[in-house]
Amino acid sequence: MSQSQKNQELPQYSPSNHVPLVSVRGVNYEKLRDLLATGKWKEADEETERCMLKVARREKEGWLRIEDIDNFSCEDLRTIDQLWIKYSNGKFGFSVQKQIYQNMGGTRQYDSQIWEAFCDTVGWRQRGKWLYWDDLTFSLDTDCTGHLPVGLRPQWVRDYGIKSFLAQRLVDCKI
């Protein structure tokens, strides 16, 4: 598949998109919106995680289980994704990551080779080595489409490929 074909399949950004801050769990997304609007990507990634934990009612535990992803509110997931898409001009977002992952053959079934190739593509690994969260590029200047949000603790990204379950939830939610 050519690069232009891949780009056509990524979610499209429109500057006129107004993102309603919808939450069925009562999460206030104003801080996330404001951080993204001002290009504070690292703080926005931290806020994304905080919001996700709040939606899943896992703030005390500080991490999400597979069943939390499977039951994650579609409305909240859509709000988070649309905010990232809007303020990154379509470069970042969970739906961007989902398309890249699926284009590589990724499914809900964890496959370490596909997962590692995906992580190489989005820049979470370099030269076969996992990057620490603090070493990621929190800027639109990164060459890697889909680099953000991580939105989940790095050990989950590295060790379990939990994003494969998140990708399936995005499919289920039609995002």
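This is a predicted model: local features need pLDDT of at least 70, side-chain atom pairs count only at pLDDT 80 or more; totals for chains, interfaces and linings use all residues.

Author: Residues are numbered from 1 along each chain as its sequence is written, and side-chain values use heavy atoms, leaving out hydrogens and water.

Reader: Why are H2 and H5 called roughly parallel?

Author: The axes of H2 (residues 30-37) and H5 (residues 74-87) cross at roughly 15° and come within 9 Å. Angles under 35 degrees count as roughly parallel, and H2 and H5 are therefore described that way.

Reader: What makes the contact of H2 with H5 nonpolar, polar or charged?

Author: In H2, Leu32, Arg33, Leu36 and Ala37 meet Ile80, Leu83, Trp84 and Tyr87 of H5, where contact means heavy atoms within 4.5 Å. Seven of these residues are nonpolar, none is polar and one is charged. Ala, Leu, Ile, Trp and Tyr are among the nonpolar types, and Arg is among the charged ones.

Reader: Which residues have the most contacts inside the largest nonpolar core?

Author: They are Tyr29, Leu32, Trp84, Phe118 and Trp124, in a core of 44 residues. Elements giving two or more residues to this core include H2, H5 and H9.

Reader: How do you know that H9 is largely enclosed by the rest of the structure?

Author: Buried means under 20% relative accessible area. Seven of the 10 residues of H9 are buried, so H9 is largely enclosed. Among them are Phe165, Leu166 and Leu170. The buried residues of H9 pack against H4, H5, H6 and H7.

Methods:
Axes are lines fitted to C-alpha atoms, for helices over the stretch in contact, and angles run from 0 to 180 degrees between N-to-C directions. Helices (H or I, at least four residues) and strands (E, at least two) are DSSP runs, numbered from the N terminus. Angles under 35 degrees count as roughly parallel, over 145 as roughly antiparallel, 65 to 115 as roughly perpendicular and the rest as oblique. A nonpolar core is a set of buried Ala, Val, Leu, Ile, Met, Phe, Trp, Tyr and Cys residues joined through side-chain atoms within 4.5 Å. Buried means under 20% relative accessible area, exposed over 50%, partly exposed in between (1.4 Å probe, protein chains only).
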